[in-house]
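Here is a short report for a reader new to this structure. Take a look at the model first, then read on.

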Amino acid sequence: MILISCPNCGPRDETEFHYGGQAHVAYPDDPSALTDEEWGRYLFYRENPKGLFAERWVHSGGCRKWFNAVRDTATYRIAAVYRIGETRSVPSLASGETRPTRPAASDQSLPGGAK
Amino acid sequence: MAEHLTASTLADLNRPAGPALGTSDLRRSPAAHLAPLFAAAEVTGPNSVALREVPFLTMVGLRVAPDSDSADRVEARLGTQLPARCGDVGIGTGCSVLWLGPDEFLVVTTASSAEFTARLVQAIGTEPGSAVDLSANRTTFELTGRAARDVLEKGCPLDLHPRAFAVGSAYVTQLGPVPIILWKTGPETYEIYPRASFADYLGRWLLDAMAEFRALELL
């Protein structure tokens, strides 16, 4: 059992949380202009790094809010948590990304999000 | 368990003899059938613990952004600030306001649900937010006694030690597999809010957890 620090509620058991996949996947500006391949890449293709990975989590057994976490996929150590919409520079992402993570439009319309 | 209401039983209910029955006379709380078991399970002595259901509390689900104009009006109606942090409970005039999320609160009161909800709806007005009567969503168990914390610690992942769980705070958590709101209303008194459909299971779960202290009493 790992403890995950919810930005609202503090450290809680991982069983109270659900995983929401890679964070900061920007919704396309004009989806209708995309080719099928580009749309498919947006929908289904995600990073799968060994190391630090920015992810979305939801505290479904607590405050029911989504947030972002930077987790090491090899050790499960959670390096940082931050709220949806907040920016946090994570230069050491294993995927080689050096750009700061940024809030994406898709962050506002999360799958199965705030009810 | 549901009894079929045939035309004849409905006619019985509607017959004019005796005092007229209203809908409030017919409603049964989710754990009403467990009341005799709860009473029999009470443990006294150094490991005292007792369980009872507090039926039909009015609960209003409140969604409003803190620091907004509508929140100010809601706070004026409630007679307290909206709680700002996880665990906080605001004590208003005749009601308590539990923090469920940054913009989600549960107002618990014994006042009439329709009237109370209507006042909050009016306070929110046309601005974003909602006040919904959720009284039927949950029931209330009250667990008291010196061993109450020991009973809860059998299935609650929260740190229930007084240094971490102060009197007057409330958290959304789990008891066994059941999602609950746990409110510590006194040094040895806890209120547990399970959803109504979990009331039977959680009532029996608590009875099972209390049985150990019953056995100690008999030694």
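A pocket, as used here, is an open set of grid points where a 1.4 Å probe fits, with protein on both sides within 12 Å along at least five of seven lines; its lining residues have an atom within 4 Å of a point. The model is predicted.

**The largest pocket**

How much space lies in the largest pocket? About 470 Å³. Its lining is made up of 26 residues. Nearest its centre lie A:Arg64, B:Leu100, B:Glu104, B:Arg138 and B:Arg195. Five strands of chain B each give two or more residues to this lining: β2 (58–63), β5 (104–109), β6 (130–133), β8 (170–175) and β9 (178–186). Which element gives the most? β2(B) does, with four residues.

The lining residues divide by type as follows.

| Type of lining residue | Number in the largest pocket |
|---|---|
| Nonpolar | 11 residues |
| Polar | nine residues |

**Chain A**

Now to the chain that carries A:Arg64, one of the residues nearest the pocket centre. Chain A has one helix and six strands. What is their order from the N terminus? They run β-β-β-α-β-β-β.

Chain A has 115 residues, and 43% of them count as buried.

Methods: Residues numbered from 1 in each chain as written. Chains lettered and ligands numbered in written order. Predicted model: local features only at pLDDT ≥ 70, side-chain atom pairs only at ≥ 80, totals over all residues. Heavy atoms only, no water. Buried < 20%, exposed > 50% of the residue type's maximum accessible area, 1.4 Å probe, protein only. 1 Å grid on protein atoms, 1.4 Å probe; cavity = no way out; pocket = protein on both sides within 12 Å on 5 of 7 lines; lining within 4 Å. Points joined across faces, edges and corners; volume = space filled by probe spheres on them. Nonpolar A, V, L, I, M, F, W, Y, C, P; charged D, E, K, R; others polar.
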